Amino acid sequence: MVAIGAGLSLGSSGADANPSDISVLRNLLSSIGYASLPVGRLFEGHVNALILIGRYGTTEQARVAASDAVEGSIFGVWNTEGANGLRLCPADGGDFLEGAKTFASGAGFIARPLVTARLPDGESQMVLPRIPPKELSSRADLLDWTATGMRASVTGTFDFSGLKVLEGDLIGKAGDYQRQPTFSAGAWRFLAVQLGGMERLFDEACAHLKGIGRHEDPHQLARMGEAAIAVESARLWVSQASERAEISRDEGAVAYVNLARCAVERAGLDVLEHVNRSVGLAGFLAPHPVERVSRDLATYLRQPGPDRALTEGARYVLVNKRLSPDPRS
């Protein structure tokens, strides 16, 4: 799996992205999300890190990262932090990191996390530190991860304090991490993982109804019909968002992906509602697969800044009249 992530041809400018590569990646993310949303979350972070290194790092940094991935190293992107945010501190003996990252999925076993660290002037710099293997578990704290879902994502706080940073550990220039359109448009990848979770939940519900002989009940048919519409709507949004983000990369790509985030979230909530009502109490009792997938999907749908994504997408539409180019023009 890590080798597949290393071989993606989405680096450099991204303008030469191959449509077949985008389709393969989109289907891969959804397939892994179908099997396990926590694993899908980790793989999406792995892919995201390699794309950022390929886009903003040097040729040598991209080569080394790809080689590490092929040899089995798992990458990730950790950006969230609390009061003790991560800082890059200069010193006579060389730069070092001080502080921690929170909500770090894979904390304790991801060997190559790509992180953002605050510079003395307040700017943000991407850093790819090399963490001694013997310190991976000792620097991770998983006690605060008490979410009802996505438990297997091994999310927690990771303390980087005291780690030395070499010049080759700095990826790109200050501010590159949040540079548009890559920063916002890349969100299509976690939408693809969420889509896989929706598809799995729908399939499990169908299997349950068939298993208890309720698949011909008109009320169940109506609910599952609504769920099928939601799943297909999410699939269409994710497909178009991936192409706008990676192939056309037009000025409306960020707005499209922002609104796709809202559409996919709404679709996921609709699927959860229809499936939970159809399956009933059995879907809330472990080890029923609907219980686990519902819990993971409900948690994973909680992505940062949904209101901002909606209003920024709407602002673009209000100025430009439409979200997609007019086929008649």
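**Loops, rings and helices**

P287 is found in the loop between α8 and α9 (289–300). Helices here are DSSP runs of H or I with at least four residues, strands are runs of E with at least two, and both are numbered from the N terminus. The model is predicted, with local features requiring pLDDT of at least 70 and side-chain atom pairs pLDDT 80 or more, while totals for chains, interfaces and linings use all residues. Residues are numbered from 1 along each chain as its sequence is written, and side-chain values use heavy atoms, leaving out hydrogens and water.

The backbone comes first. Most residues other than glycine have a negative phi, and most peptide bonds are trans. The bond from A286 to P287 is cis, with omega near 10°. Another cis peptide bond joins Q180 and P181, where omega is about 5°. P181 sits in the loop between β10 (170–171) and α5 (182–185).

The loop between β7 (140–141) and β8 contains M150, and V154 lies in the loop between β7 and β8 as well. M150 is not a glycine, yet has a positive phi of about 55°. V154, also a residue other than glycine, has a positive phi near 50°. How exposed or buried is M150? At 3% relative accessibility, M150 counts as buried, a label for values under 20% relative accessible area; exposed means over 50% and partly exposed lies in between, with a 1.4 Å probe and protein chains only. V154, with a relative accessible area of 25%, is partly exposed.

A pair of aromatic rings is described by the distance of the centres and the angle of the planes. The structure holds six aromatic pairs. Rings of Phe, Tyr and Trp (its six-membered ring) pair if their centres lie within 6.5 Å; planes under 30 degrees apart count as stacked, over 60 as edge-to-face and the rest as tilted. W78 and F158 have ring centres 5.4 Å apart and planes at 50°, so this pair is tilted. The pair links distant parts of the chain, with W78 in strand β1 (residues 75–78) and F158 in strand β8 (residues 155–159), 80 residues apart. W78 and F158 are both buried. The pair of Y177 and F183 is edge-to-face, because the ring centres are 5.4 Å apart and the planes stand at 70°. Within that pair, Y177 counts as buried at 14% relative accessibility, whereas F183 counts as partly exposed at 33%. Ring pairs also join W78, F158 and F160 into a cluster.

Next, the helices. Helix α4 (residues 59–70) has 12 residues, which at 1.5 Å a residue should span 16 Å; the end C-alpha atoms are 17 Å apart, which agrees. The expected span is 1.5 Å times one less than the number of residues. An α-helix has 3.6 residues a turn, so residues three or four places apart point the same way. In α4 the residues Q61, A65, D68 and A69 are buried. Seen down the axis of α4, the buried residues fall within an arc of 100°, so they line one face of the helix; the arc is that of the directions from the helix axis to the C-beta atoms. T59 and V70, on the other side of α4, are exposed. Just after α4, G72 takes a positive phi of about 115°.

Helix α7 (residues 218–248) and helix α8 (residues 253–279) have axes that come within 8 Å and cross at roughly 160°. Axes are lines fitted to C-alpha atoms, for helices over the stretch in contact, and angles run from 0 to 180 degrees between N-to-C directions. α7 and α8 are therefore roughly antiparallel, where under 35 degrees counts as roughly parallel, over 145 as roughly antiparallel, 65 to 115 as roughly perpendicular and the rest as oblique. α7 passes α8 in a left-handed crossing, meaning that the near helix is turned anticlockwise from the far one by less than a right angle; clockwise gives right-handed. The axes of helix α2 (residues 19–35) and α7 come within 10 Å and cross at roughly 135°, and α2 and α7 are therefore oblique. Their crossing is right-handed.

Finally, D203 lies in helix α6 (residues 188–211) and is partly exposed, with a relative accessible area of 36%. D203 and V275 are 72 residues apart in sequence and 9.9 Å apart in space, C-alpha to C-alpha.
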